[in-house]
Each structure stands twice: as structure tokens, then as C-alpha cells.
Amino acid sequence: MKRELARRHGKTENEARRILDPDHHSKLGQLQDAMQALGKTIVVSVLKAA
């Protein structure tokens, strides 16, 4: 998936890894662009804490 993202999004494979790394501080816009390049969408939900 990372290699495909890099190819479709015009990024290096290292950049794609950073964007998809949950421990890296990627911005939501970067993630949204990355998922769109892969034909996917991000869905965010806010739930009441238990």
C-alpha cells in the first residue's frame, strides 16, 4: 500500500511511510490526500466518553 501511495501521490516511499505512520505527526489534510490517492476516504467520529 505504501509503494502504491507513493506512486499515485507523487511521493517517495519514505514520505508515504511517514504519512501512514500512526506515530508520526501527519496532518489530517496529508492523510486525506493520501487516502484519496488510493481511492479511499477518511471518516472521523466523535463519541461521548464512557
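**Reading the model step by step**

Reply: Happy to. Of the 50 residues in the protein chain, 16% are buried. Keep in mind that this is a predicted model.

Me: What does "buried" mean here, and what counts as exposed?

Reply: Buried is under 20% relative accessible area, exposed is over 50%, and partly exposed is in between. Thr-12 sits in the loop between α1 and α2, and with a relative accessible area of 45% it is partly exposed. Asp-23 belongs to the loop between α2 and α3; its relative accessibility is 68%, so it counts as exposed.

Me: How many helices and how many strands does the protein chain have?

Reply: Three helices and zero strands. Going from the N terminus, the order of elements is α-α-α.

Me: Now the overall dimensions. What radius of gyration does the protein chain have, and what would a compact globule of 50 residues have?

Reply: The protein chain has 12 Å, while a compact globule of 50 residues would be near 10 Å. For Asp-23 and Leu-47, 24 residues apart along the chain, the C-alpha separation is 22 Å.

Me: Next, the inside. Which residues make up the largest nonpolar core?

Reply: General idea to begin with: in soluble globular proteins, nonpolar side chains tend to be buried together. Here the largest nonpolar core has seven residues, namely Leu-5, Ala-6, Ala-16, Ile-19, Ala-34, Met-35 and Leu-38. The elements giving two or more residues to this core are α1 (2-9), α2 (13-20) and α3. Now zoom in on Leu-5. Leaving aside residues up to four places away in sequence, Leu-5 touches Gly-10, Ala-16, Leu-20, Ala-34, Ala-37 and Leu-38.

Me: Are nonpolar residues found on the surface too, or where should I look?

Reply: Look at Leu-28, Ile-42, Val-44 and Val-46, which form a nonpolar patch on the surface. Together they have about 420 Å² of accessible area. Val-46 lies in the segment after α3 (28-37). Why does Val-46 count as exposed? Because its relative accessible area is 78%.

Me: What about charges? How many salt bridges does a search of the whole structure find?

Reply: Side chains of opposite charge can pair when their charged atoms come close. The search finds four salt bridges here. One of them is between Glu-13 and Arg-3, with the closest N and O atoms 3.5 Å apart. This pair links distant parts of the chain, as Glu-13 is in helix α2 and Arg-3 is in helix α1, 10 residues apart.

Me: Why does that pass the test for a salt bridge?

Reply: A nitrogen of Lys or Arg has to be within 4 Å of a carboxyl oxygen of Asp or Glu, so the 3.5 Å of this pair qualifies. As for accessibility, Glu-13 is partly exposed at 26%, whereas Arg-3 is exposed at 60%.

Me: Which residues form a salt bridge with Glu-4?

Reply: Arg-7 is one, with closest N and O atoms 2.6 Å apart, and Arg-8 is another, at 2.5 Å. Arg-7 and Glu-4 both lie in helix α1, three residues apart, which is about one turn of the helix. Arg-8 and Glu-4 are separated by about one helical turn because they are four residues apart in helix α1. There is also a network: salt bridges that share partners join Arg-3, Glu-13 and Arg-17.

Definitions and conventions
Residues are numbered from 1 along each chain as its sequence is written. This is a predicted model: local features need pLDDT of at least 70, side-chain atom pairs count only at pLDDT 80 or more; totals for chains, interfaces and linings use all residues. Side-chain values use heavy atoms; hydrogens and water are left out. Patches are made of residues with over 30% relative accessible area and no salt bridge: like charges are joined within 9 Å, nonpolar side chains (Val, Leu, Ile, Met, Phe, Trp, Tyr) within 5 Å. Accessible areas come from the Shrake-Rupley method with a 1.4 Å probe; for residues, only the protein chains shown count as cover. A salt bridge is a side-chain nitrogen of Lys or Arg within 4 Å of a carboxyl oxygen of Asp or Glu. Buried means under 20% relative accessible area, exposed over 50%, partly exposed in between (1.4 Å probe, protein chains only). A nonpolar core is a set of buried Ala, Val, Leu, Ile, Met, Phe, Trp, Tyr and Cys residues joined through side-chain atoms within 4.5 Å. Contact means heavy atoms within 4.5 Å. The radius of gyration is taken over C-alpha atoms; the globule rule is 2.2 Å times the number of residues to the power 0.38.
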